[in-house]
Structure formats: structure tokens, C-alpha cells
Amino acid sequence: MSRSSLVMIHGASGATALLVIASFWSLAFVSEFFAAPGTVILLRQIILYALPLLVLALASAGASGARLAGRSKAPQIVAKMGRMRVAALNGLLVLIPSAVFLGLRAQAGDLSGAFGYVQLLELCAGALNIVLLGLNMRAGMAMKARKRAHTA
């Protein structure tokens with residue numbers, strides 16, 4: 001696969017992941033603070049069923065980013081890889097289990113007790129990933145701009 005194709009795949013999958021996480025976060029925020037129980041149940045089911053899209057986008061962004069980075073020791077690349085590791089761990093250890101727990105509890109109609117606490121944890125973890133992925137997107141765009149300026 002050509003480098004330009006890999007760059008395009010990386011950008012598209014990273015942007016998709018960021019958009020999906022931001023959408024999930026917005027839905028969770030609205031459902032936590034403003035929605036009726038029936039809407040909470042629906043929104044939680046949407047998030048649960050769309051979770052594979054997020055996993056695919058993040059895996060694609062991570063794999064393409066790792067391939068593009070190679071063995072580079074450039075500070076921007078090292079920082080991007082570090083942020084991606086934190087985002088991946090946050091997703092695997094907090095966000096995915098939270099989404100599954102909340103989706104299953106919502107399907108059962110049980111929005112009491114731990115539901116609110118887990119949703120609050122999910123909002124915090126989601127906000128962290130939005131920031132990390134946003135920083136990575138900004139760094140990637142800056143690297144692309146520098147490369148264009150250098151080759152022009």
C-alpha cells in the first residue's frame with residue numbers, strides 16, 4: 001500500500017473515531033442530564049450497537065499510525081503514539097465496558113443505582129479520549145502542513 005493511501009486511511013479512520021466518540025459523548029451527556037427514561041434506553045442501545053464501528057475506526061487509526069510511524073523517534077510521533085496508547089487503554093478498560101454495562105442495564109430498564117455513577121465515569125473517560133484524539137489530529141495536520149511547506 002502506498003504511503004499516500006496509508007495517510008488517507010489514517011486520517012479518515014482517526015477522524016471517524018473522533019466523530020463517533022464525540023457523538024457517543026454527546027448522546028450520553030444529553031441522556032444523563034436532559035432525557036426521559038425511554039430516551040435514555042434508546043440512546044444507550046444506539047451506543048451499544050454502534051460500538052463495533054468505533055472499535056474498527058480506532059483499530060484502523062492505530063494500525064495505520066503505527067505503520068506510518070515506523071521506528072521514528074521524532075518527538076511529534078512519539079507524543080502521538082503515547083497519546084494513542086492512553087486512549088486505547090482508556091477505551092479498552094473504561095469506555096467499552098461502561099458502554100456495554102450501561103447498554104445492558106438500559107435494555108433491562110434498570111437506570112438506577114450504579115447506572116448514574118458508571119455513566120459519569122464514562123463521560124469523564126470519553127472527554128479524555130476526545131482531548132487525546134483531538135490533540136493527535138491537530139499534530140497530524142501540523143505534520144502534514146510542514147511536509148507540504150517543505151516540499152513546495
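The protein exposes about 8800 Å² of accessible area, of which carbon and sulfur atoms supply 73%; areas were computed by the Shrake-Rupley method with a 1.4 Å probe, and for residues only the protein chains shown count as cover. The model is predicted, so that local features need pLDDT of at least 70 and side-chain atom pairs count only at pLDDT 80 or more, whereas totals for chains, interfaces and linings use all residues. Residues are numbered from 1 along each chain as its sequence is written, and side-chain values use heavy atoms, with hydrogens and water left out.

The fold comprises 4 helices and 0 strands, in the order α-α-α-α along the sequence. Helices (H or I, at least four residues) and strands (E, at least two) are DSSP runs numbered from the N terminus. Along the principal axes, the C-alpha atoms fill a box of roughly 55 × 25 × 20 Å. Of the 152 residues, 33% count as buried, where buried means under 20% relative accessible area, exposed over 50%, and partly exposed in between (1.4 Å probe, protein chains only). Among contacts between residues at least 6 apart in sequence, 78% join residues at least 24 apart; a contact means heavy atoms within 4.5 Å.

Side chains of opposite charge can pair when their charged atoms come close. With a salt bridge taken as a side-chain nitrogen of Lys or Arg within 4 Å of a carboxyl oxygen of Asp or Glu, the count comes to 2. One of these joins R44 to E122, with the closest N and O atoms 2.5 Å apart. R44 lies in helix α2 (residues 37-69) and E122 in helix α4 (residues 114-151), so this pair ties together parts that are 78 residues apart in sequence. R44 is buried at 1% relative accessibility, and E122 is also buried, with a relative accessible area of 9%. A salt bridge also links the side chains of R105 and D110, at an N to O distance of 3.0 Å. In this pair R105 is buried, with a relative accessible area of 19%, while D110 is partly exposed at 28%.

On the surface, F29, V30, F33 and F34 form a nonpolar patch with about 400 Å² of accessible area together. Patches are made of residues with over 30% relative accessible area and no salt bridge; like charges are joined within 9 Å, and nonpolar side chains (Val, Leu, Ile, Met, Phe, Trp, Tyr) within 5 Å.
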